[in-house]
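Keep the structure open beside you as you read.

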Amino acid sequence: MRTFLALVAANDLELKQLDVTCAFLHGDMDKELFLAVPGYEGVYPGKVLRLKKATYGLKQAPKIWWSTLLAALEQDGFRPSIADSCLLVKYSK
């Protein structure tokens, strides 16, 4: 990380960073996922909920969020770096 920041400073490049506090709550589910109504199993027997959005605690949440973010950034002209696919680069003329 220090090397990367030094490279940015030495070449007078622009670096932007984003910290999203509720990121996992905005990804659309890519598969159907059903769960029992928590705390109401006796009240609503046989009823389940279908999740439409990813939520904290799902194993799929980080992957869904990254796919959503990557699709939006690629539409804006960003491309994954050859060296590290988590590093997105936007070349300008």
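## Overall fold

The protein chain holds two helices and four strands, and their order along the sequence is α-β-β-α-β-β. Keep in mind that this is a predicted model.

Of the chain's 93 residues, 14% count as buried. Among contacts with a separation of 6 or more, 41% join residues 24 or more positions apart. The accessible surface of the chain comes to about 8100 Å², and carbon and sulfur atoms account for 59% of that area.

## Helix H2

Helix H2 covers residues 61–75, 15 residues in total. At 1.5 Å a residue it should span 21 Å, and its end C-alpha atoms lie 22 Å apart, which agrees.

Which residues of H2 are buried? They are Ala 61, Ile 64 and Leu 70. The buried residues of this helix pack against three strands: S1 (28–36), S3 (79–80) and S4 (88–89). Just after H2 comes Gly 77, which takes a positive phi of about 100°.

## A nonpolar surface patch

Phe 4, Leu 5, Leu 15 and Leu 87 make a nonpolar surface patch of about 310 Å².

Where does Leu 87 sit? Leu 87 is found in the loop between S3 and S4. With a relative accessible area of 32%, Leu 87 is partly exposed, because its value falls between the 20% limit for buried residues and the 50% limit for exposed ones.

Methods: Residues numbered from 1 in each chain as written. Predicted model: local features only at pLDDT ≥ 70, side-chain atom pairs only at ≥ 80, totals over all residues. Heavy atoms only, no water. Expected span 1.5 Å × (residues − 1). Buried < 20%, exposed > 50% of the residue type's maximum accessible area, 1.4 Å probe, protein only. Contact = heavy atoms within 4.5 Å. Patch = residues over 30% accessible without salt bridge, like charges linked within 9 Å, V, L, I, M, F, W, Y side chains within 5 Å. Areas by Shrake-Rupley, 256 points an atom, 1.4 Å probe, with all protein chains shown as cover. Salt bridge = Lys/Arg side-chain N within 4 Å of Asp/Glu carboxyl O.
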